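Reader: I am new to this structure and would like to be guided through it by questions. May we begin once the sequence and the model are on view?

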Amino acid sequence: MYAEERQQEILRRARSVGRVDVPTLAEEFEVTTETIRRDLTALERLGVLRRVHGGAIPVERLGFEPELATRDEVLTAEKERIAKAALAELPEDGAIIIDAGSTTGRLAQALPIDRELTVIVNSPPLATVLAARANLNVIMLGGRVRGRTLATVDDWALRPLSDLHVDVAFMAANGCSVDKGLTTPDPAEAAIKRAMIGAAERSVLLADHTKFTNIYLARFATVAEIDVVITDTGLDSALATEIAAAGPEVVRA
């Protein structure tokens, strides 16, 4: 097993049970405790685990939200596949919303150049990238910029959404479960996401498989309010079936 594969499995276990310890991991993976400690250090640098005495805890258990740049470095191949699959949900022309996020950001970069679209974003970095495209009409939602996610929030971002109607909203989420719905750590950001879904004819969630083991503070939608969930093949097939039974089409890219 390569180091990256071992680290992904360590992260999966930590998220599943809430904690991992060094001796147990070393025994199960048949490596030294020093190797496991290096793995935990690497995962901590990515912002997905926090080292504690004898092991590590997933950051979700600490109420910690990794910065966008940190999240953008994790599961890059999966996020690219999700973004590519999401292109099938684009209208031929019309208007879309692209929510701030690491996977939705990849969709923004992949938008075709042969399609005239109005694109509404709440992310200054995405607006900067998209504004250079001649085939796109870009609308930037104003408001306070959250430093951790680089998303605009609060009333100046909310008010325009009440007067807008788009074909598709491409949404990001920190957590998703059938019972608790789509969640995010910040209530102000949850309010924007809720308004985005309300402004859209259809809503598409772009989320890698790790999001389906997380639940955060603020819910902004139920699973039934989402039309399509696009994730990667790492999502357990039984869980995919459970999500589909709640309403949305599930695509595993």
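Reader: How many of the seven residues of strand 12 are buried?

Author: This is a predicted model, in which local features need pLDDT of at least 70 and side-chain atom pairs count only at pLDDT 80 or more, whereas totals for chains, interfaces and linings use all residues. Residues are numbered from 1 along each chain as its sequence is written, and side-chain values use heavy atoms, with hydrogens and water left out. Buried means under 20% relative accessible area, exposed over 50%, and partly exposed in between (1.4 Å probe, protein chains only), while helices (H or I, at least four residues) and strands (E, at least two) are DSSP runs numbered from the N terminus. Strand 12 covers residues 200–206 and is largely enclosed by the rest of the structure, because its buried residues number five.

Reader: To which strand is strand 12 joined by five bridges, and which residue of strand 12 is the bridge partner of Met171?

Author: Two strands pair if DSSP finds at least two bridges between them. Five bridges join strand 12 to strand 9 (residues 166–171), and the two run parallel. Within strand 12, the partner of Met171 is Leu205.

Reader: Which residue of strand 14 is the bridge partner of Leu206?

Author: Strand 14 spans residues 228–231 and pairs with strand 12 in the parallel sense over three bridges. The partner that Leu206 has in strand 14 is Ile230.

Reader: In what order do the seven strands of the open sheet stand, and what is the average twist from one strand to the next?

Author: The order is 6-5-4-9-12-14-15, with parallel pairing. Strand 6 (136–140) and strand 15 (249–252) stand at the edges with a single partner strand each, so one side of each lacks a neighbour in the sheet. From one strand to the next, the twist averages 20 degrees. Axes here are lines fitted to C-alpha atoms, for helices over the stretch in contact, with angles from 0 to 180 degrees between N-to-C directions, and the average twist is 20 degrees.

Reader: Which residue of strand 6 is the bridge partner of Val119?

Author: Strand 5 (residues 117–121) and strand 6 run parallel and are joined by five bridges. In strand 6, the partner of Val119 is Val138.

Reader: At about what angle to strand 15 does helix 10 run?

Author: Contact means heavy atoms within 4.5 Å. Helix 10 (residues 237–245) lies across strand 14 and strand 15, and its angle to strand 15 is about 150 degrees.

Reader: Which strands stand at the edges of the three-stranded open sheet?

Author: In this sheet the order is 10-11-13 and the pairing is antiparallel. One side of each edge strand is left without a neighbour in the sheet, because each has a single partner strand; these edge strands are strand 10 (175–177) and strand 13 (218–221).

Reader: Which residue of strand 13 does Leu182 stand opposite?

Author: Strand 11 (residues 181–184) pairs with strand 13 in the antiparallel sense over three bridges. The residue of strand 13 opposite Leu182 is Ala221.

Reader: Is Arg6 buried or exposed?

Author: Arg6 is found in helix 1. Leaving aside neighbours within four places in sequence, Arg6 is in contact with Met1, Phe29, Val31, Thr35, Ile36 and Asp39. With a relative accessibility of 9%, Arg6 counts as buried.

Reader: How far does helix 1 reach from its first C-alpha to its last?

Author: Helix 1 (residues 3–17) has 15 residues. The expected span of a helix is 1.5 Å times one less than its number of residues. Close to the expected 21 Å, the reach of helix 1 is 21 Å.

Reader: What is the relative accessible area of Ser162?

Author: Ser162 lies in the loop between helix 8 (155–161) and strand 9. Between the C-alpha atoms of Ser162 and Ala199, 37 residues apart in sequence, the distance is 6.8 Å. Ser162 is exposed, its relative accessible area being 60%.

Reader: What is the radius of gyration of the protein chain?

Author: The chain holds ten helices and 15 strands. The chain is as compact as a globular protein of 253 residues, because its radius of gyration is close to the 18 Å given by the globule rule. That radius is taken over C-alpha atoms, and the rule is 2.2 Å times the number of residues to the power 0.38. For this chain, the radius of gyration is 19 Å.
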